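Here is a short briefing for a first look at this structure. Start with the sequence and the model below.

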Amino acid sequence: MTKIENLTNAPKKRIHSIDALRGFALLGIIMVHCMEHFDLISVPVLESPFWQWIDNAVSSAIYFIFQGKAYAIFSLLFGLSFFIQMDSQADKGVDFRFRFLWRLMLLLGLGYLNGMVYMGEFFVVYAVLGIVLIPLYKVPSKYLIILSVLLFMQIPGIMQFVSLLSNNAVNTPSEMNIRMESLFEQSAYVFTNGSVWDVLSFNAFKGQSAKLLWVFIHLRYLQLIGLFIVGLLIGRSGIHKDEAKMVKYGKRVLPYAVGVFAFFYGIVLLLPHMGVSGFALENGETLFKSYGNLGMMVTYICLFTILYHKRDWARKLLEKLAPVGRMSVTNYMVQSFLGVIIFYGFGLNCAVRSFLECALIGIGLGAFQIAYSNWWIKRFYYGPMEWLWRTLTFFKRVPLRRQEAKPLVPACETR
C-alpha cells in the first residue's frame, strides 16, 4: 500500500472538542449573517416604539456577542487544522506542502462557486491568505509570535487613524472606500429586485470585488493571517491533544482575555466623548473593536474549553455541535444557499422582517444544521463537500459510508 493510499483508506480519530468549538463558531456566523440579511443590509422601522426598542436591542446583542468573534474562532481553527495535517503527514514521511497548496486551490474553487450565491462568503479569502502558512510552517515559534503580534496591531490602521486625527488628512472616506460603498449599493438593488441569474451574474465579479475590497480596507487580512499563525502555534505546543493542558491554560489565560476585551471596548465607548468624529470615529471604532474582539474571542475559547472538559452536562450539550463543526464546509455552503433564498427578493424576501424575526430565523437555521449534521455523521465519515474536497485532494475516492473503511491506528486530525 502506498503512502497516499494509506492516508485515504480510513478517517482518523477526531478531536471532538475542536469540532464542537468550530460548530459553535459556525452557529455564531449564522446569527450574524441573518442580522445582515446575508449582505442585503437594511434597518427595519416598526410602528411601536416598544417593539422598535426590543428590535434594536436584539440586533445590538447578537452583533456584540458574535460579530468579529465567530469568524475569529473559525480562522484560528483553520491555522490549527493546517498544522495538524502537515504534522500528521510529516510523521509518515510525506511532504504535504504541495498537496496542501492544491487543497487551497480546491477551496478557492469551492469558495468562488459559493461566492456566486452569497457575496459575503469567506472561503476565497481563506484560500488566498492560507498560502502564507506554507512558508511559515518551518519558521521558529519565537519569530511567529512576534509576527502575529505585529499583524494583530494592524499598524496601517493605527497610522491611518492618527493621520485622520491630524491636520494633514481630510476626514473623509478614500476613493477605495467610495468604490466599495458603490458596489454594496449596487448589490443591495440586485439582491432586492434581481432574479437568481442577476444575483449570480453580479456576484461572479462585482460581488467578489466588493468582498475583497472590504477585507483590504478593513485590514481583515492582517488579523486573519495572525489568527492562522496562532492556530499553527497552538498546534506546535500540543495543547489541543491534552485535556489537562487545555483546562490549565484556559483558566490561566481567561482573566487576561477579559481584561483586553474590557480595555479596548472602553476606548471605543470613550472615542465620541474625546471629540473624535466623522470618518476618523468610524475608523477608530473599527480598529479598537478589532482589538477588543480578539480578547472576547479568547474569552469564548477559554470558557468553552473549561466547560467542555470540566462539566459533564456541558460536554453532553456541546458535543451536539461537533458534527456541525466536522461538516464545516458543507454547513457553511448550506448557510449561503438557504440564506439567500430566505432573505433575497427572488425568494422569501425576509430582509424586510424585523431583527427579532431574523434572529428567530437564525436560531431555526442553526437548529436545522445541528439536527441534520448529527443525523449525517452517524451514517457517514464526512459531510458531502468534505468528502468531495478530500477525494479531489488525493485524486482517489475516500470512504464515505462508515462500513466502507478499513480501520487504521487512530491519530488526531480535525479535518
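Helix α13 covers residues 243-270; at 1.5 Å a residue its 28 residues should span 40 Å, and the end C-alpha atoms are 40 Å apart, which agrees. The expected span is 1.5 Å times one less than the number of residues. Helices are DSSP runs (H or I, at least four residues), numbered from the N terminus.

This is a predicted model: local features need pLDDT of at least 70, side-chain atom pairs need 80 or more, and totals for chains, interfaces and linings use all residues. Residues are numbered from 1 along each chain as its sequence is written, and side-chain values use heavy atoms, without hydrogens and water.

**Helix α13**
- α13 bends by about 35° at V253, and the proline P255 follows within four residues. The bend is the angle between axes fitted to the seven residues ending there and the seven starting there.
- D242 caps the N-terminal end: a side-chain oxygen lies 2.9 Å from the backbone nitrogen of A244.
- Buried residues of α13 include M246, L254, F261 and Y265. Buried means under 20% relative accessible area (1.4 Å probe, protein chains only).
- The buried residues of α13 pack against α2 (16-35), α3 (49-66) and α14 (278-310). Contact means heavy atoms within 4.5 Å.

**Residue Q154**
- Q154 lies in the loop between α8 (141-153) and α9 (155-165).
- Q154 counts as buried because its relative accessibility is 3%.
- Q154 touches H218, L219, L222, Q223, L287, S290 and Y291, not counting residues up to four places away in sequence.

Notes
Helix = DSSP H or I, 4+ residues; strand = E, 2+ residues; numbered from the N terminus. Buried < 20%, exposed > 50% of the residue type's maximum accessible area, 1.4 Å probe, protein only. Polar contact = N/O pair within 3.5 Å; in protein donor to acceptor, adjacent residues only side chain to side chain.
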